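Subject: Structure handover

Hello,

Here is the structure I promised to pass on. Please open it alongside this message.

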Amino acid sequence: MNPSTQKPSIEELEKIAVEVRTNIIQMIHRANAGHPGGSLSAADIVTALYFRVMNVDPKNPDWPDRDRFILSKGHACPVWYAALAEKGFFDKSHLNTLRKLNSILQGHADMVKTPGVDMTVGSLGQGLSAGLGMALSGKLQKKDYRVWVVIGDGETQEGSIWEAAMAASTWKVDNLTVILDNNGIQNDTFTDDIQIRGDLAAKWRAFGWNVIEIDGHNMQQIVEALETAPTIKGVPTIIIAATVKGKGVSFMENVPAWHGKAPNAEQTQIALAEIRG
Amino acid sequence: MTVNASVYHYVKPEIVAALASDEPFANAKQQATRHAFAEAILEVGEANPNVVVLNADVSKSIGTNKFAEKFPEREFNFGIAEQNMMAAAAGMASTGLIPFACTYAVFASMRALDQVRNSIHYPRLNVKIAASHSGITPGPDGVTHQAQEDISIMRALANSCVIAPADSPTTKQAVWAAAEYNGPVYLSFTRDPVPILFDDDFPFELGKAVTVRDGSDVTIIAMRDLVAQALVAAERLAQDSGVSARVLYCHTIKPLDTEAVLQAAKETGAIVVAENNVTYGGLGSAVAELLVANNPIPMRQIGVKDTFAESGPYLEVIDKYGLTSPHIVRATHDVLDHKARFTRPVSLAAVA
């Protein structure tokens, strides 16, 4: 079973990313809370994963042989929900219920409540470890699935990220790929104004990882990197994606305040117009 | 003094016979329950190929290095990185494996608590946390390695199941029960050797407390290493004061066997809870919460008061911090005095 045999083109992926961004803005506006900046910065990556790269079946979300995806930067779950709904894991009407009582869409993603969510996330620095565990299971159980984990640059301040990084290279977990959504902003302000990121590629190489550096909004580069990673054997791969927080909405782009703030009605209209071009 | 053996259940005859002596466990076989776990997990691993063992650089201490030797492909030593180990265990469990994540209780319940809460308990994943050095059972190591809060912390988590077995045979039964249960389980083991109290036919059932000594005046409810102390205290009370003390071995702190506790409350009218754990939030709190809502009879708690302990030999440390049988005896007399006042008919004339 491989539901993703018909692979969309780069242009088609870019169109899907417009829909994903549209849904992100609309759901956060309706919820009047959420994290648009980091959702938009990861939108192209998550779109490429779900619509071109990952082997998943929206009609069978618990399929044991599926690829796993973990958005370790769990506050950006609107991008995950948007992609899952677009892919058909659940009806798009649920997007109107984000963060509301009795919703399947929690403020941070819950694997029990939401079809397609492979790991509960929200407390930073844990998703990579969980992905490591899934990848080790895959090797032990001789399964072909791959594990994809998106982490944030602020999130790499968590020490447990580096615990997992060390373990993944020790155990040569090459069925695990991390995508670092390197948007340079965290909750308080710019990442480097809090803790200096330094040479992230050198850091991950020093931890024994294969590193690919790309423009995280260039769909061609994203797809190439995601399709190259599985061919690298014997080491885990990290794709360090240079991204723009708030990408696609001019007044949100590179503005720390849009890390965790909902747009009002007027801002939403402008944002949607810009996204749809 | 002779011991009335007929009131004891599932307790080894040689243990019962020596309970009234000056050093009741001097000749008893002893084993740290961490090592009983290490033996049991070999058998569980043999029976179920989905069982994997995760270590955090204390496998030689716990004894799970033997699992690594027997099943090298199913053992993962994460090194001194408990946070990574716990969240990785969650990921493994999500794919159908049954990980036993092994470390010391301070690290399992505190250092990695965020992972234990959010990645394991919130999604209710099938991870078993095997925690050695629970309570103040690592005496000489001192406070940093004494997990006097672990039972309280783990009990506070939703979806948790918390087991603290008293000796080796019931530890092995607990490990099997944990492997068969679908959901997170916290298993609490001792660092130091404790007496082997129970027969192999002990009727271990997750969530079911077992009366191991009959009694009608008061019930002593105990867990983990204080079950041995409770048995000694109960026999001392019988020998010295004619007090008939029931002993309820409550190996599962959560879910609490509410039926057994309420039955003991009704039938004996006074309760002492004995736990090598702080008096906030553990077994004593669980019993008190139940009693206050259902049958608020006099109750006393044996446990670590609002203090950290210190280094020292295990039995000397727990004696200094109020957890040994003489302390249980005193608390029992105290609760019996209270029970006498509590149940005395009020004279309206005297009040007027």
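Predicted model: local features only at pLDDT ≥ 70, side-chain atom pairs only at ≥ 80, totals over all residues.

Start with strand 11 of chain B, residues 245-249. The strand is mostly covered, with five of its five residues buried. B:Ala245, B:Val247 and B:Tyr249 point one way. B:Arg246 and B:Leu248 point the other way. Both sets are buried.

Its partners
Strands in a sheet pair through backbone hydrogen bonds, in either a parallel or an antiparallel sense. Strand 9 of chain B (residues 210-213) pairs with strand 11 in the antiparallel sense, over three bridges. There, B:Thr211 sits opposite B:Leu248. Strand 10 of chain B (residues 218-222) pairs with strand 11 in the parallel sense, over five bridges. Here B:Thr219 stands opposite B:Arg246. Between strand 10 and strand 11 the chain passes through helix 10 of chain B, residues 226-241. This β-α-β crossover is right-handed.

The seven-strand sheet
Chain B also has an open sheet of seven strands, in the order 3-2-4-5-7-6-12. Its pairing is mixed. Which strands stand at the edges? They are strand 3 (75-77) and strand 12 (252-254) of chain B. Each has a single partner strand, so one side of each is left without a neighbour in the sheet. For strand 3, look at strand 2 of chain B (residues 51-55): the two pair in the parallel sense over three bridges. B:Val53 has B:Glu75 in strand 3 as its bridge partner.

Best wishes

Terms used: Residues numbered from 1 in each chain as written. Chains lettered and ligands numbered in written order. Heavy atoms only, no water. Buried < 20%, exposed > 50% of the residue type's maximum accessible area, 1.4 Å probe, protein only. Helix = DSSP H or I, 4+ residues; strand = E, 2+ residues; numbered from the N terminus. Pairing = 2+ DSSP bridges. Right-handed = clockwise from strand over helix to strand, strands pointing away.
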